Amino acid sequence: MQKIGFIGLGNMGLPMSKNLVDSNYSVCGFDLNKAAEAQFEQAGGIIGIPVAQMPGMCNVIFTSLPSSDAVKEIYLGQDGLVESSQPGMLLIDTSTVAPEINHTIEEAAVSKGIDFLAAPVSGGVIGAVNRTLTFMVGGRKTAFERSLPILNVLGANVFHVSEQIDSGTATKLINNLLIGFYTAGVAEALTLAKQSNLDLEKLFDMLNVSYGQSRIYERNYKSFIANDDYAPGFSLKLLRKDLGFALGLAEKQQLDLPISKMLFALYEEAEKSGFGEKDMSVLYQKISGQTNAAQ
């Protein structure tokens, strides 16, 4: 059984790493948040291994990190994963970052004989807990095949997009661009429904069997809006970040996406208004609050 490293024990990384432990893998975990490390240790994981030492103890290392800067530091910084790894190591990044970072890491890894996969995920915290994540993997097919037994422990839908390293990231950004549209649509539609004195529960029952149905509508309404609880599953600021990456990708392809630009501005304004740390569904509060304030 391979020994696995897992760097980043946050909302997604902690349940993924726990699932590996539960599947009888030996897993070394690392996070700057020591409370998260303590939870991982209680679940049977190994802690106390610095990042620079992890490649000497593991065959495969996953990362699940919140920002491009964190990914660059962990992989390319002094004593980072690339510098500390020997040929034959497999590194798998499940973070959502700017596509050019995928290329920079792959170039550095290949120069040392290290396999690297950019494998962002979709499915949220509930998917990480229930092992139902979708993996969108870019990178060498041989590396993907090597990773497949482990990825199948973590997700229900594992796709090798192509050998182009940023192909999985591009897929994830397109996915999150649609999520941005759906979330804004749900927020505006429910605001209109509320102002029209419609029962939101009955509305959901009707639209859920109509063409207005969507998984984001179900997620945002049932898990957050109906409960008036916006503890983050996927925070608004992270969605805004990913929308920015999607627009950057469009600009690189010399595409003008005018509606996406307006969408990005909407989330940017919501973040500036103090909604960034809450779940993305909180956009309903932002929009409905503006409507009430205008009356």
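User: Taking a salt bridge as a side-chain nitrogen of Lys or Arg within 4 Å of a carboxyl oxygen of Asp or Glu, how many salt bridges does the count come to?

Analyst: The count comes to 11 salt bridges. This is a predicted model, in which local features need pLDDT of at least 70 and side-chain atom pairs count only at pLDDT 80 or more, while totals for chains, interfaces and linings use all residues. Residues are numbered from 1 along each chain as its sequence is written, and side-chain values use heavy atoms, with hydrogens and water left out.

User: Which residue does arginine 219 meet in a salt bridge?

Analyst: Arginine 219 meets aspartate 279, at 2.7 Å from N to O. The pair ties together parts that are 60 residues apart in sequence, because arginine 219 lies in helix α10 and aspartate 279 in the loop between α12 (258-275) and α13 (283-293). Helices here are DSSP runs of H or I with at least four residues, strands are runs of E with at least two, and both are numbered from the N terminus.

User: Is aspartate 279 buried or exposed?

Analyst: Aspartate 279 counts as buried, at 0% relative accessibility. Buried means under 20% relative accessible area, exposed means over 50%, and partly exposed is in between, using a 1.4 Å probe and protein chains only. Arginine 219 counts as partly exposed, at 22%.

User: What does arginine 240 form a salt bridge with?

Analyst: The partner of arginine 240 is glutamate 271, and the closest N and O atoms are 2.6 Å apart. Arginine 240 is in helix α11 (residues 236-252) and glutamate 271 is in helix α12, so this pair ties together parts 31 residues apart in sequence. Arginine 240 is partly exposed, with a relative accessible area of 23%, and glutamate 271 is also partly exposed, at 26%.

User: And how far apart are the closest N and O atoms of lysine 286 and glutamate 269?

Analyst: They are 3.7 Å apart, and the two residues form a salt bridge. This pair links distant parts of the chain, with lysine 286 in helix α13 and glutamate 269 in helix α12, 17 residues apart. Lysine 286 is buried, with a relative accessible area of 10%, whereas glutamate 269 counts as partly exposed at 39%.

User: Which residues do salt bridges that share partners join into one network?

Analyst: Asp115, Arg140 and Arg146.

User: Switching to rings. How many aromatic pairs are there?

Analyst: Five aromatic pairs. One of them is phenylalanine 6 with phenylalanine 62: the ring centres are 5.5 Å apart and the planes are at 10°, so the pair is stacked. The rule takes rings of Phe, Tyr and Trp (its six-membered ring) with centres within 6.5 Å; planes under 30 degrees apart count as stacked, over 60 as edge-to-face and the rest as tilted.

User: Where do those two phenylalanines sit?

Analyst: Phenylalanine 6 is in strand β1 (residues 3-7) and phenylalanine 62 in strand β3 (residues 60-63), 56 residues apart. Both phenylalanine 6 and phenylalanine 62 are buried.

User: What about tyrosine 217 and tyrosine 221, at what angle are the ring planes?

Analyst: The planes are at 55° and the centres are 6.4 Å apart, so that pair is tilted. Both tyrosine 217 and tyrosine 221 lie in helix α10 (residues 215-225), four residues apart, about one turn of the helix. Tyrosine 217 is buried, with a relative accessible area of 4%, and tyrosine 221 is buried with 4%. Ring pairs link Phe204, Tyr217 and Tyr221 into a cluster.

User: Which residues make the nonpolar surface patch?

Analyst: Ile174, Leu178 and Tyr182 make a nonpolar patch of about 290 Å². Patch residues have over 30% relative accessible area and no salt bridge; like charges are joined within 9 Å, and nonpolar side chains (Val, Leu, Ile, Met, Phe, Trp, Tyr) within 5 Å. Areas come from the Shrake-Rupley method with a 1.4 Å probe, and for residues only the protein chains shown count as cover. Tyrosine 182 is in helix α8 (residues 167-195) and counts as partly exposed at 40% relative accessibility.

User: Overall now. How many helices and strands are in the protein?

Analyst: The protein has 13 helices and eight strands. Of its 295 residues, 50% count as buried. The accessible surface comes to about 13900 Å², and 53% of that belongs to carbon and sulfur atoms.
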